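Please keep the sequence and the structure in view while reading.

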Amino acid sequence: MNTQLRQVGIVGTGMHVPPETVTNADLEKIVDTSDEWIRTRTGIRERRRAMDPEMATSHMCVLAAQQALDDAGIVAEEVELVIVATVTPDYLFPATACLVQDRLGARRAAAFDLEAGCTGFIYGMAVGRQFIATGTYDTVLVIGADMLSRVTNWEDRSTCVLFGDGAGAVVLRPVPEGYGVLSMVLGSDGGGGKHLFQPAGGSLMPASRETVDKKLHTIHMSGNDVFKFAVRVMDNATMQALEQCGLSKEDVDFLVPHQANLRIVDAARKRLELPSDKVCVNLDRYGNMSSASIPVALHETLKEGRIHKGDVVLLVAFGTGLTWGAGVLKWWK
Ligand code: ACO
């Protein structure tokens, strides 16, 4: 038996966001809020919202995934596993990943969804990495996608200003020794699940007239509790991931954090003592796209030519569950 694990890296990226933009001024017209409050408390100026009722999470996934395959220079038939990280699947079942596998034409691929909220993409990367490291597969597509606008209570100012729709995708493949994923850290604290959840629609509280009337199929969040949790776990996960691969904060060239709130991103940046041009920030344009936020930020930063071969890139996220995760990559390509 071959016990040698292979190094795994990102060899292609892609993204999709819906064309429709919702500005803070638009939100001022529907809830008691202000552009000033949203910008100073969160850093968000606008977000995307899929208005086309025919568009669902899987459609955004396919567009992002096709771009990632093109970027990697491979065709769908080469993909052996499709992982979609989402909390807003098209259906409770079948898995959105299966819809994507079919529409992409990834005929050889296994497919499943994974749910870890905004940490979903990092969880997906960690799972995909294992399949390649152990030699089970050579090519894995990991997609983070969410259409939170479909589970948003547009009368609740404490949540409706925060989220946006989008999808990001990466292709994972073996890369030369010394490159690719150097470490990954995952964590969870289910005791905090009550701070961010969608009460109805599952087996505990199936859909009924009452659950719809009470808007229990929408996001319920205790923002302050999530905020405090986020700052703490981003810091711990970052340091653990660096320690695991024998690096320190001085070695980090680029930080790609989950895009929930500029104050949370800034706290992570300051802890690493990084200048602001070494941190990906796009929440001003997209809001919090949940599991899509990291792959979209990564894709845009790569396309801007700001990450180079050999750079040490740190990914870190937190999300519903509660969950957290971080990964250190030495950039390959
Ligand atoms: N406009 C105006 N006022 C508002 C708004 C709004 N949109 N929303 C809340 N307020 C009010 C509140 O009612 C409160 O008023 P009060 O003092 O009279 O009661 C006041 O503003 C302060 O509210 P706080 O909740 O204390 O504001 P805070 O500074 O904590 O910011 C925020 C709130 C932005 C939600 C912040 O807590 C946050 O970003 N938390 C993290 C949320 C998060 O990241 N969630 C996603 C997790 S990832 C996932 O898995 C999807």
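## Valine 175 and its loop

Valine 175 lies in the loop that links strand E7 (166–174) to strand E8 (180–188), where helices (H or I, at least four residues) and strands (E, at least two) are DSSP runs numbered from the N terminus. With a relative accessible area of 9%, valine 175 is buried; buried means under 20% relative accessible area, exposed over 50%, and partly exposed in between, with a 1.4 Å probe and protein chains only.

Not counting residues up to four places away in sequence, valine 175 touches Gln7, Val8, Gly9, Val11, Gly180 and Trp332, a contact being heavy atoms within 4.5 Å. Valine 175 and phenylalanine 229 are 54 residues apart in sequence, and their C-alpha atoms are 35 Å apart in space.

## Basis of the model

The model is predicted, so that local features need pLDDT of at least 70 and side-chain atom pairs count only at pLDDT 80 or more, while totals for chains, interfaces and linings use all residues. Residues are numbered from 1 along each chain as its sequence is written, and side-chain values use heavy atoms, with hydrogens and water left out.

## The chain as a whole

The chain has eleven helices and 13 strands, and its C-alpha atoms fill a box of roughly 60 × 45 × 35 Å along the principal axes. Its radius of gyration is 19 Å, which agrees with the value near 20 Å that a compact globule of 333 residues would have; the radius is taken over C-alpha atoms, and the globule rule is 2.2 Å times the number of residues to the power 0.38.

Of the 333 residues, 55% count as buried. Among contacts between residues at least 6 apart in sequence, 77% join residues at least 24 apart. The accessible surface comes to about 14,200 Å², of which 51% belongs to carbon and sulfur atoms, as computed by the Shrake-Rupley method with a 1.4 Å probe.

Threonine 33 lies in the loop between helix H1 (24–28) and helix H2 (35–42), and at 17% relative accessibility it counts as buried. Leaving aside neighbours within four places in sequence, threonine 33 is in contact with Leu27, Glu28, Ile38 and Val161.

Phenylalanine 131, by contrast, lies within helix H5 (residues 120–133) and counts as partly exposed at 26% relative accessibility. Apart from neighbours within four places in sequence, phenylalanine 131 is in contact with Leu81, Thr136 and Tyr137. Phenylalanine 131 and threonine 21 are 110 residues apart in sequence and 38 Å apart in space, C-alpha to C-alpha.

## Helix H11

Helix H11 (residues 293–303) is largely enclosed by the rest of the structure, because ten of its eleven residues are buried. Among these buried residues are Pro295, His299 and Glu300. H11 is followed by glycine 305, whose phi is positive, near 75°.

## Cysteines

A search of the whole structure finds zero disulfides, a disulfide being a pair of cysteine sulfur atoms within 2.5 Å. Cysteine 61 is in no disulfide, and the nearest cysteine sulfur, that of cysteine 98, is 12 Å away. Cysteine 61 is buried, with a relative accessible area of 0%, and cysteine 118 is also buried, with a relative accessible area of 10%.
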